[in-house]
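Please walk me through this model in the viewer. Tell me what to select next and what is there.

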Amino acid sequence: MISWHDLYTVLCAVVPLYVAMVLAYGSVRWWGVLTPDQCAGINRFVAVFAVPLLSFHVISTSDPYAMNLRFVAADTLQKLAVLAALLVWSHLPVRVPGTTAGRTPLDWSITLFSISTLPNTLVMGIPLLVAMYGPYSGDLLVQVVVLQCIVWYTLLLALFEFRAARALIAGQCPGDAAASIAGVHVDADVVSLAGSHAEAQAEVAPDGRLRLLVRRSASASRRSLLLAAAAHATPRPSNLTGVEIYSASSSRNATPPRGSCCTLADVSAAALHQGASTRMSSFGAADLFSLHSSRHPTPRPSSFDDQAAPRPRSAATVVPSNDYDLHMFEWSSGGGASAASEVSGLPVFRGGDPHRAAPFAAVSSRAMRPGDRVASFKSDDAGQDALARLESGSTDQRLNVKKDAGGGENGGAGAQQAAPAGVMLRLILTMVWRRLIRNPNTYASLVGLTWSLISFRFHISMPTIVKNSISILSDAGLGMAMFSLGLFMAMQPKIIACGKSVAAVTMAIRFLFGPAVMAATSAAVGLRGTLLRVAIVQAALPLGIVPFVFAKEYSLHAAILCTGVIFGMLIALPIALLYYIVLGLL
């Protein structure tokens, strides 16, 4: 039976976190105490020092040899069960409500997995559960935090990179040409396939096999120069990660013009006249970002037909805006990726005819000579449209893939072939590794786990001067993380950004479906009593920040995840108390 004293103890532990969040919200929205530049500085401090040291502190002070294997098994089984259910669901002929062209199963599987299984355990969960069920519940949640940081966030990142890799390859090698790719090379400065960060070229290697070259896109390089010029600083790529706050400059500037999607004939003709591949801009004056650029996708109408010359477009000068739009976290891709504000998977707007498939020239290694190249394509341009139409099941919107065998042409709908598994695996592992080594939380989790294994095995204590240095910053990390969340909330135009019906479904998945699956898996592995209650309440925590970071960067249902973070945090406390009271009566 839960007493009033128990409820008061829980409120004493959690309400101070909300006080920090409300103070940050009021400092920006009501009182004007903090400027965007000051907010960016606070966020950067939290990203670089406070949150990683908080992760290190909680992991290094927890005994890994006292791990409760059943509790860990229940949490792992919950996530695997959800993944299996989404895999089955993705193969069913079901359409997402509100859409007309079907759905892309991978996209919605990633989003639903994020919403249902990845709570805010580190910042919100540990203080709440310790107040409810005692210090031992905190040790249990530390075990979940370790797996979440090292395993599940890495898996989520791999899924996003797999999605981006498919779009990149679909744009460069449509039809059955992707199956001819024998190798892949990724330039050292490419740290993400998301958005406009990367572009690809297919070329025939000296051994006659088709090879995919992935390099940093020219638009990303130009964006870095514009950001540096606006800030009067030397351009440098971001080296921060899932706990990094978006700097004010990440949405301060307009996105530079992007290279258009052109065929092999276009590039060959340009190379004959200029001696190099020419990338024409398809960016018009009307296509410039608005002041709140990160809230909508950039329209990208193509200025190329399959055989025609490029049509002239009006010139547009990219001028940095003085308006600021703060965001919460940034993963180490170099910054600046615009997010698609989507409701039920549909973009708010998109340039060009949405029913017109982008034309591509199929690549065949039999008809090409070593050194031949195909025009560059970015991962968020034609490849996404190609995959969406191929997966939607609409026959009239499939790509017409040209066959070069015998000079003939197959006018039927061509299904997109997958690249060889070895090529995809190498590409994804390369990108995931580059992202992880730039993530301070990766080092914090691994170093903290290593130290805990050594210290509790050999009973070695950390030197007092080191322990106190870490403790003073990690203690600030909890409050500063909530403060940063308040800054993020203050800069959003709406608390519910994806529509009320979609928000209701999101909250139901987060606070009902996730805990229900956790209850089932916990009972299956034999959890009873307090352990079962801890597992269920932990699954009913609000959505974590990192899934929104990925959704923002990879332009996948960012509005839904944003609503899950903000609105979920607002209603999390009464829902957690309700679970606490109900489970206490059982």
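Begin with the rings: the structure holds 7 aromatic pairs. Rings of Phe, Tyr and Trp (its six-membered ring) pair if their centres lie within 6.5 Å; planes under 30 degrees apart are stacked, over 60 edge-to-face, the rest tilted. The model is predicted: local features need pLDDT of at least 70, side-chain atom pairs count only at pLDDT 80 or more, and totals for chains, interfaces and linings use all residues. Residues are numbered from 1 along each chain as its sequence is written, and side-chain values use heavy atoms, leaving out hydrogens and water.

Select Y133 and Y580. Their ring centres are 5.5 Å apart with planes at 85 degrees, so this pair is edge-to-face. Y133 lies in helix α5 and Y580 in helix α16, so the pair ties together parts 447 residues apart in sequence. Helices are DSSP runs (H or I, at least four residues), numbered from the N terminus. Both Y133 and Y580 are buried, meaning under 20% relative accessible area (1.4 Å probe, protein chains only).

Next, F488 and F548. This pair is tilted, at 5.1 Å centre to centre and 55 degrees between the planes. F488 sits in α12 (464-490) and F548 in α15 (545-553), so the pair ties together parts 60 residues apart in sequence. F488 is buried at 2% relative accessibility; F548 is buried at 3%.

Now select Y25, W30 and W31: ring pairs link them into a cluster.

Finish on α14 (529-539). Its buried residues include V534, I536 and V537. The buried residues of α14 pack against α3, α5, α6, α13 and α16, where contact means heavy atoms within 4.5 Å.

Key: Buried < 20%, exposed > 50% of the residue type's maximum accessible area, 1.4 Å probe, protein only. Helix = DSSP H or I, 4+ residues; strand = E, 2+ residues; numbered from the N terminus.
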